[in-house]
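Trainee: I am new to this structure and would be grateful for a close look at a single part of it. Please take the salt bridges as the topic.

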Amino acid sequence: MAMTLTVASSLVLFLHFISSIASIDRSQFPNSFLFGVATSSYQIEGAALEDNKGASNWDVFTHLPGKIDDGSNGDVADDHYYLYEDDVELMHSLGVNSYRFSISWSRILPRGRFGQINEFGVAFYNKLINLLLSKGIQPFVTLSHYDIPQELEDRYGAWLSSEVQRDFGYYAEICFREFGDRVKHWVTLNEANLWPKFSYMLGTYPPGRCTQPFGNCDFGDSTIEPYITAHNMILSHAIAISNYKKNYQMKQEGVIGIVLYAKWYEPFRNITADHIAAKRALTFALDWFLDPVIFGDYPPDMKAFFSSRLPAFTDLEKKMLQLKVDFIGLNHYTTIYAQDCKFSCEVATSDGNAMVITTTERNGRSIGEPTPMPYFFVVPDGLRKLVMYIKERYNNTPIYITENGYAQCSNNSVLKQALLNDTDRVEFLQSYLTSLTKAIRQGADVRGYFVWSLIDNFEWTFGYGMRFGLYHVDYSTQKRTPKFSAKWYRRFLTGPVMFHNKNLETLAFE
Ligand SMILES: *[C@@H]1O[C@H](CO)[C@@H](O)[C@H](O)[C@H]1NC(C)=O
Ligand SMILES: *[C@@H]1O[C@H](CO)[C@@H](O)[C@H](O)[C@H]1NC(C)=O
Ligand SMILES: *[C@@H]1O[C@H](CO)[C@@H](O)[C@H](O)[C@H]1NC(C)=O
């Protein structure tokens, strides 16, 4: 009896799982839609100082004691610099038509604009781009994904100085010139709105600057430096964009945008103050960058609140910002509650400056299914709401979901077999893709979706303990093994109709 019940109930669960997965397929997206996978240079390349590459900020930071949870670094990472042909083959077998990766600035310019162009670096990205194109995979290229030449840090404090604008402009120019005949999608900066917070407010990313109570650092000012560095990022971005639009876009026929990290915020209580707080949290986190790169200035709410702490754009800079982005890239993983705290804020969180307290629980219930990543919960409808918000505020500017994915925690006691059977990730991806189809049906101009990530990789301060890959990587042998999610994605992308004849069990063992 007990046996029968167990079998029956697991059968019900199993059928439920299949039917939820089968509800989404490729035909629900436009034909021209880009479906891809994403990675970034420092997280996968390795070859940290090989073939004349200069040290990046991350090469230096990861070698300082105590900065990375498992004491690891990206010296070797996935060894992608040497294994890129295999990795392109993995993508090809998935059936993706685009690949989002980043160029390592210090591989192209080991010393920024203070030294030579590294021909080995240029040759590597040429080989990668040409191989991708030969397989029908469009390169979707980020100029800087958290890594910059350490030289810029040492010389003038990198993003703290307006000097960095010249360096970024110079680097972008070289990339457009060398690769722009084949790269049709450019991203200036990755998660430009999180970068100042991690690096200059919380101090957890290089150069590790902050003040109490935000974090424990030897130098910095958490109340001011995030806004100065963000300002320099926006202007660096603007210099690259205006150069591209004036000198390259006509002949190269590509598009250029920026990638921002975006949570969705739900009001904690159903009261006006929390509805306003949720909106304010999003404005201070996202419109902070989107307003300047689309409307040419910071959001009025932020200017009023920060007054002189928020740098002002000169008329000349505003004019440059008028050459706006062609698209918005969104890295979206989760949704969080926002509660107004105008009169009682403890601001020592990255959301705190918006006068909100963010929480993941209400009345003892979490906002969605928890995931192994702290603060990441599964709330698929958050993606639709976020996309619709951006559609309304930014006149339906084209959107690419440049990252979305699901982490697995791993350590020596977690078996590889368990990591390969990633049904949680498959459920996550299909539920978020379903949410995205709803936004598209509601008129949002969404043009692509990239799973983070192709392969397990160096997950910043988590080191190798957080695995986002569709492919498992054994770091001692560099062997890549498809997880269930890789098989699911391939079936989603290449199968005419999913799961007609095969059930998940056979797929899992294919
Ligand atoms: C929030 O409150 C309004 C009335 O103030 C009500 O119409 C609405 O249904 C409530 N929403 C939720 C989710 O409870
Ligand atoms: C290893 O990871 C698993 C799964 O996340 C966790 O339950 C376990 O406590 C971890 N073990 C160690 C020794 O950290
Ligand atoms: C995979 O995980 C699911 C539950 O998430 C379980 O039902 C199934 O038996 C597992 N398959 C294998 C091969 O371990």
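Mentor: Arg111, Glu151 and Arg155 are linked in a network of salt bridges, a salt bridge being a side-chain nitrogen of Lys or Arg within 4 Å of a carboxyl oxygen of Asp or Glu. The model is predicted, so that local features need pLDDT of at least 70 and side-chain atom pairs count only at pLDDT 80 or more, while totals for chains, interfaces and linings use all residues. Residues are numbered from 1 along each chain as its sequence is written, chains are lettered from A and ligands numbered from 1 in the order in which they are written, and side-chain values use heavy atoms, with hydrogens and water left out.

Glu151 is buried, at 18% relative accessible area, whereas Arg111 is partly exposed, at 38%. Buried means under 20% relative accessible area, exposed over 50%, and partly exposed in between (1.4 Å probe, protein chains only).

Across the whole structure, 26 salt bridges are found. One of them pairs Asp456 with Arg467, whose closest N and O atoms are 2.7 Å apart. Asp456 is buried at 0% relative accessibility, and Arg467 is also buried, at 8%.
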